[in-house]
Amino acid sequence: VIDRDAEHFHLVLEYLRVPDLLPVTSDVSQIQWLEREATYYKLDGLAKLCNSAYKRLDTVKVSGLLNGQRNLSGMDVRALDLSCIDFSGASMYRIVGDDANLTDAVLSSKYTNLRHASFCRVNALRADFSEA
């Protein structure tokens, strides 16, 4: 007998039908629920997809973080359009920004932390990395 919460079980079924894609969810709490269920059902591929999904940020969330604490350490911002954003003074320690668009972005400041950051294949046209 399996006694689990059935409210979002359709997401597990959707994954079983198309195991290469994370099912469409409405918010992070559904992804976290789905990850718990994936662990319970030993669906390692789904658990990995969930973990990656709620670690990723979109451009709006990046901008919001920069308006506050300016800490993007360890975040995954691969392939996002981050053009024209002022990152000066931000902590970007171990950030993964591969394939991102950094056109006209400002990353200059002696307080900008880019240690162990990954920015492979970025478009950095006119980006300012001075003093970083």
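A crossing of two helices is called left-handed if the near helix is turned anticlockwise from the far one by less than a right angle, and right-handed if clockwise. In the predicted model shown above, local features need pLDDT of at least 70 and side-chain atom pairs count only at pLDDT 80 or more, whereas totals for chains, interfaces and linings use all residues. Residues are numbered from 1 along each chain as its sequence is written, and side-chain values use heavy atoms, with hydrogens and water left out.

By that convention, the crossing of α1 and α2 is right-handed. Helix α1 spans residues 9–17 and helix α2 residues 28–40, and the two pack at an angle of about 65° with their axes 10 Å apart; helices here are DSSP runs (H or I, at least four residues) numbered from the N terminus, and axes are lines fitted to C-alpha atoms over the stretch in contact, with angles running from 0 to 180 degrees between N-to-C directions. The two helices, α1 and α2, are therefore roughly perpendicular to each other, a label given to angles of 65 to 115 degrees. Where they meet, with contact taken as heavy atoms within 4.5 Å, Phe9, Leu11 and Val12 of α1 face Gln30, Trp33, Leu34 and Glu37 of α2. These contact residues divide into 5 nonpolar, 1 polar and 1 charged, where Asp, Glu, Lys and Arg count as charged, Ala, Val, Leu, Ile, Met, Phe, Trp, Tyr, Cys and Pro as nonpolar, and the others, Gly among them, as polar.

Cys50 lies in helix α3, residues 44–55, and at 0% relative accessibility it counts as buried, the term for under 20% relative accessible area with a 1.4 Å probe and protein chains only. From C-alpha to C-alpha, Cys50 and Asp27 are 12 Å apart in space and 23 residues apart in sequence.

A polar atom of the Thr112 side chain lies 2.7 Å from the backbone nitrogen of Gly89.

Terms used
Parallel < 35°, antiparallel > 145°, perpendicular 65-115°, else oblique. Polar contact = N/O pair within 3.5 Å; in protein donor to acceptor, adjacent residues only side chain to side chain. Buried < 20%, exposed > 50% of the residue type's maximum accessible area, 1.4 Å probe, protein only.
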